[in-house]
Amino acid sequence: MEHTTDIKKVVNGVLDLGRSNSTANSVLSLAGTIINHNIKQHDLKIINPCIGINKLKSDNRRERYLTVHEINQLKDEVKDNFFVNLFVEFALCTGGRLETILHIQKKDIDLANKTVNLNNLKTKRRYTGFLQDELIAILRDYVPTLKANDYVVTQKGLQEKKADHKQIHRRLKPILDRLFNKGLKDDDITNRAVIHTLRHTFASHLAINETPIFTIQKLLDHSDIKQTLRYAKLAPDSGKNNVQGLYR
């Protein structure tokens with residue numbers, strides 16, 4: 001039972017990093033395969049702890065996003081931690097995935113045009129994000145101190161090396177848990193706020209503010225519009241007013 005709990009923690013850790021249910025299922029399958037191999041090789045008298053752990057449904061996507069009030073709560077909580085604050089600001093401005101944000105270098109930022117070049121590491125494709133004035137105010141004095149290939153979202157003095165995702169995870173996850181996840185079970189992936197929730201928050205508020213779905217697709221750099229359509233239901237009228245005004 002104890003080992004089964006450990007395996008579940010590993011799977012939940014994958015989800016907390018913003019990875020998909022499919023990725024978490026792959027990790028579970030790999031762990032089961034490795035354990036089975038060792039049981040056979042070493043004639044271990046144990047039951048594989050992966051047995052009985054249900055795989056996640058591939059369509060059981062996270063729905064959680066932060067409200068404006070919650071966004072302000074989070075920003076207030078991290079404002080004194082330069083590294084975490086910068087990550088949160090970039091995540092809420094661009095909707096970039098964790099590793100996408102950690103890969104941003106000085107040469108990717110154009111303060112004059114309020115843009116940032118982003119790397120979609122899943123598709124090996126580059127796309128453009130846009131910077132809000134609040135973030136530009138932080139970057140205006142900071143960016144000129146960096147060399148062209150320095151990484152932007154990291155701890156001061158360590159910009160020559162990209163930060164590891166674990167450095168953000170161990171700083172930000174406890175804050176999200178304390179602010180938004182009290183009373184929720186670890187496997188409640190629909191309602192828990194995790195780092196990837198910031199990407200959902202970006203997309204959800206674009207939809208709430210009536211941003212066209214194809215624009216949201218472009219800003220998230222989704223390859224398939226089907227990935228983006230999940231946010232369409234958040235649009236205030238969802239076309240009701242357009243239909244009501246037809247033929248008049």
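This is a short tour of the protein on your screen, which is a predicted model.

**Stop 1: the whole protein**

Start zoomed out, with everything shown as a cartoon. You'll find 11 helices and three strands. Follow the chain along its sequence and the elements come in the pattern α-α-α-α-α-β-β-β-α-α-α-α-α-α. The C-alpha atoms fill a box of roughly 70 × 60 × 35 Å along the principal axes.

How much of the protein is buried? Of its 248 residues, 43% are buried.

Go back to the cartoon and think about which parts of the chain touch. Among contacts with a separation of 6 or more, 61% are between residues 24 or more positions apart.

Next, colour by charge. The protein has 40 positive and 28 negative side chains. The centres of those two sets lie 4 Å apart.

**Stop 2: Glu70**

Select residues 68-78, which make up helix H3, and pick out Glu70 in that helix. Is Glu70 buried or exposed? Its relative accessible area is 14%, and buried means under 20%, so Glu70 counts as buried.

The side chains of Glu70 and Arg64 make a polar contact at 3.0 Å. Then bring in Thr67: the side chain of Glu70 reaches the backbone nitrogen of Thr67 at 2.9 Å.

What else does Glu70 touch? Ignore its neighbours within four places in sequence, and Glu70 is in contact with Arg64, Tyr65 and Phe180.

**Stop 3: an aromatic pair**

How many aromatic pairs are there in the protein? The count comes to one. Select Phe82 and Tyr142 to see the pair: their arrangement is edge-to-face, with 4.8 Å centre to centre and 75° between the planes. The pair links distant parts of the chain, with Phe82 in helix H4 (residues 82-94) and Tyr142 in helix H6 (residues 133-142), 60 residues apart.

Phe82 has a relative accessibility of 24%, so Phe82 is partly exposed. Tyr142 has a relative accessible area of 7%, so Tyr142 is buried.

How values were computed: Residues are numbered from 1 along each chain as its sequence is written. This is a predicted model: local features need pLDDT of at least 70, side-chain atom pairs count only at pLDDT 80 or more; totals for chains, interfaces and linings use all residues. Side-chain values use heavy atoms; hydrogens and water are left out. Helices (H or I, at least four residues) and strands (E, at least two) are DSSP runs, numbered from the N terminus. Buried means under 20% relative accessible area, exposed over 50%, partly exposed in between (1.4 Å probe, protein chains only). A polar contact is a pair of N or O atoms within 3.5 Å; within protein, one must be able to donate a hydrogen and the other to accept it, and residues adjacent in sequence count only if both atoms are side-chain atoms. Contact means heavy atoms within 4.5 Å. Lys and Arg count as positive and Asp and Glu as negative; His and the chain ends are not counted. The place of a charge is taken as NZ of Lys, CZ of Arg, CG of Asp or CD of Glu. Rings of Phe, Tyr and Trp (its six-membered ring) pair if their centres lie within 6.5 Å; planes under 30 degrees apart count as stacked, over 60 as edge-to-face and the rest as tilted.
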